[in-house]
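Work through the exercises below with the sequence and the coordinates open. Each task is followed by a solution in steps.

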Amino acid sequence: MLHVVRRLFHPTITPGSWEGQSIRLEVISGKNIKVPSQRMPAGIYIFLNIDPRRHWKSTIGVLSSDESVAWGETVTLSLRKSPKLSVEIRASFELDRMLGNGEVIGKLETSWNALLDHGNEPFDIFFPSVRGVHPSLTLKATVLHNCDNQDSVLLGSIIKCQVAQDTNAAHKRFATYVTSETVSHLNNAVKHFQLVLDQCPVGHPDRAAALTNLAWACLEGYIRNDLQDINSITSLFREALALCPQGHPDHPFYVYHLTKALNWRHNYQHTIADICESAHLYHELLPLCPEETYLHSIVAGANGADYVIGQCNLLPIDASDEGIHLRRVVLELCPLGNARRLNALDKLASALLTHFEQHGNIDDLDECIHCFREAVSLCSEGHSERETYLNNLAYSLESRFDHQNNSDDLNEAISLYEETLRMRPIGHKSRHFSLSNQGTSLFTRFKKHNDLNDIVKAISLQREALSLCPPGNPSRDSALNNLAATLKIRYDNLDTSEDLDEAINLYRDSLQLRPHGHRHRHQALYNLSSGLCSRFMQTRENKDIEEAMQLCQDSLEALPSLHPSRYFSYGWLQQAYVSRYQVQHNLTDLSLAVENFRLASRYPTQGFPYRIETALRWVDMAENYQHDSALEAYQTCLELFDNHVMTRSSVISRREAAIAFRSAQSLPVDAASHAIRHNYLQRAVELVEQGRGQQWSLASRLRTPLEDLKLGNPELAHKLAEINKHLSDAQGSTGSADRAAADRAAVHYRRLQEQWGAVVAEIRNVKGFSRFLLRPSYEDLQAAARHGPVIILVASQYSCSAIIVPTSGEPHHVRFPRITLTHLETLNDDFTTAIRHAARMHPEQPRKKLRVLLR
């Protein structure tokens, strides 16, 4: 058998065989590409130098995070005299218009035969070491015989103008400075870069690049303590960035340059403004840096965004709008899985909570709770910080309960406090916090349900918390205040004078630990005022009530405008005036009390539950003392109650909100009774109708007749119809067992309600729709009597009577002086019993009892 031996022959090109031949050279990729000067390149390109007149330059390739570049470009080289060529890898610092030829990363001379010695297969060539590694290129070379293709080498493709030559010389000297650390090379580089900048005046297309080259060299000198003027360096970067706005190909690199300068200035000078600006710039920059690019890896790395996040997390909490915006930016710089996300969540939540406590915006508290929920989810069982975030979540939920009166929030808060307390056994450094917080939550539940076990346990917990805060402990002022508040509420319910005396003494001790300027001094002032006001009603000592009033005034002076706690100052001040009026009967005190009732119940940054309670007390006071502000108090109460109930998205939750205020259910008929007693009969009819429609008001809103509006303003009609649909769809969605999901649904529903209110307000500005969805007037209601008079029965604790609405004219009032609400309630019970009894009787049996009642 014959064996055929095959061998692969590589062509050898001799000068005599050059005629008519070409090489197709494919530049595939590069690896281990490091810039000697350590500067961030905009891209990498390959430069082939064939002979003095022929050069070829690849496109600028993007450097990947693994320091590789993919080109996949092909060049056809016609063979002429020179048997050799040089291959260079260069860094470009501009993607758009290049200033100079960039920085040489590696240069290698080779021959045509060396390139062709690999057949038609890709091969690697290696360059001298740069920063510990050898850059390499992957190429592929093929001989083309008798090729008619034109030589694709560009003649004179290297920029040789004076500005370019000066820039190239500066790049070379700067790279030498970085590798040798010889200051003379830095000075030489700066001199050349400055010379280039002088040749690029304002308006020159290369000015941004010239500014950046000079600034970068100076920044490296500053980092190595060879130069000092960081402010001028930062200004150069700013000017360059201004010349390359968003959308410019080099914009991301110019943003990066400025962040680098800001970070280093912050590192040396600890300037908060620099690190904050840097965070905002990184927030802009990261979306502009594609994943897997070298720029992205540096921007997101330890010396980039990660450094900025860490430094921002060390900043004190700033609850201003700007401070909260910064915290949101920092959180967005920490994607899921980022080790710094937990701290960023905590900082944002804390800023939002502080902002809520200062301004009362419920959106802040909702976002705060969302952040703390995520923080808890990131801390699994056994995590060292889990107890802290459980406590913070509980505190936020309890704050929201105070603002919205949603029992789910309070129940969850108590459960979380209990879990936290179990994680802080005797001897734990934070046990006093958990004891106090648990006691406060039980105190809150006692105010809602009046379970004596809650207040007894709350006092016990607060006493233990105080025992763990001896004099000198920074938490002692809060421990004193919390125990005092718990004792005071027990006094209010059980009238135990020793509780009141101890509470006043504790409040005084707490106030002494909260001097002028303390952020909780206002709280100590009005709390002590409440105790003195209660003691005045016992002792009738004028000094107590005068001090109480002065303390409230001082608390108002300590608080800025619209601070939510001003509500409490107004509330206790009105209580002081009412108390003194009850003892001294000075009408001026009653007038001042009414003014403070008005201020407290209408205070915009406090939650509806507190304001409703105040308005209800205003109603009681006005009725008891026959004050002419009673009708205003009723109307305020009804409006607050309606607004509060309408924030709930289901029938069950609205019912819960309604029954939370014991006297609110009889409010409309009591208001109508007051109007009748003061001969405002038309107003009485309107109030009865307002109360009757309150429980159906949400349904009526969602079924609003829009036909007239469609004719007058179809766009607004469509907008309202869409929101009504979304509101209808959202009803009941907050009932999820998943509390986080329920929170999101509640926030969504409330924002829909806000949109609904804004659209309705816009509609009321349209001509002919000024009373759109407002309560009906007497004239509107009288239309129901067009076929005969309508009789309205008003049964109130204050009076029982009837109003007859005729087909035209004024309504008529019929008094029932011998009938009381108690009589009617008894009659109602008797009817109910008789009807049930009659239903069980045989048809032939006489219904004597029912007949008597009917007569």
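**Exercise 1. Cover of a helix**

Which helices are included in what covers the buried residues of α20?

Solution. The model is a predicted one, in which local features need pLDDT of at least 70 and side-chain atom pairs count only at pLDDT 80 or more, while totals for chains, interfaces and linings use all residues. Residues are numbered from 1 along each chain as its sequence is written, and side-chain values use heavy atoms, with hydrogens and water left out.

Step 1. Locate the helix. Helices (H or I, at least four residues) and strands (E, at least two) are DSSP runs, numbered from the N terminus. Helix α20 takes in residues 542-558, 17 residues in total. From first C-alpha to last it reaches 24 Å, close to the 24 Å expected at 1.5 Å a residue; the expected span is 1.5 Å times one less than the number of residues.

Step 2. Sort its residues by burial. Buried means under 20% relative accessible area, exposed over 50%, and partly exposed in between (1.4 Å probe, protein chains only). The buried residues of α20 include D544, I545, A548, M549, L551, C552, S555 and L556. These cover an arc of only 155° around the axis, which puts them on the same side of α20; the arc is that of the directions from the helix axis to the C-beta atoms. K543 and E557, on the other side of α20, are exposed.

Step 3. Name the cover. It includes α18 (497-512), α19 (521-539) and α21 (566-584).

**Exercise 2. Salt bridges**

How many salt bridges does a search of the whole structure find? Examine several of the pairs.

Solution. Step 1. Apply the criterion: a side-chain nitrogen of Lys or Arg within 4 Å of a carboxyl oxygen of Asp or Glu. The search finds 33 salt bridges.

Step 2. Take R265 and D274, whose closest N and O atoms are 2.6 Å apart. R265 counts as buried at 12% relative accessibility, and D274 counts as buried at 4%.

Step 3. Take R400 and D366, with closest N and O atoms 2.9 Å apart. R400 is in helix α13 (residues 386-404) and D366 in helix α12 (residues 362-378), so this pair ties together parts that are 34 residues apart in sequence. R400 is buried at 5% relative accessibility, and D366 is buried at 7%.

Step 4. Return to α20. The side chains of R508 and E547 form a salt bridge of 2.9 Å, N to O. Since R508 lies in helix α18 and E547 in helix α20, the pair ties together parts that are 39 residues apart in sequence. R508 is partly exposed, with a relative accessible area of 30%, and E547 is partly exposed as well, with 28%.

Step 5. Look for linked bridges. E595, R598, R602 and E632 form a network of salt bridges.

**Exercise 3. Positive phi**

Where are L562 and H585 found, and is H585 buried or exposed?

Solution. Step 1. L562 is in the loop between α20 and α21. Its phi is near 70°, a positive value in a residue other than glycine. L562 counts as partly exposed at 43% relative accessibility.

Step 2. H585 is in the loop between α21 and α22 (587-601). Its phi is positive, about 60°, although H585 is not a glycine. H585 is exposed, with a relative accessible area of 56%.

**Exercise 4. A buried glutamine**

Which residues does Q635 touch, not counting residues up to four places away in sequence?

Solution. Step 1. Q635 is in helix α24 (residues 630-645) and is buried, at 12% relative accessible area.

Step 2. With contact taken as heavy atoms within 4.5 Å, Q635 touches R683, L687, Q690 and R775.

**Exercise 5. Totals**

What do the secondary structure, the buried fraction and the contacts come to for the protein?

Solution. Step 1. The secondary structure comes to 34 helices and twelve strands.

Step 2. Of the 855 residues, 50% are buried.

Step 3. Among contacts with a separation of 6 or more, residues 24 or more positions apart account for 64%.
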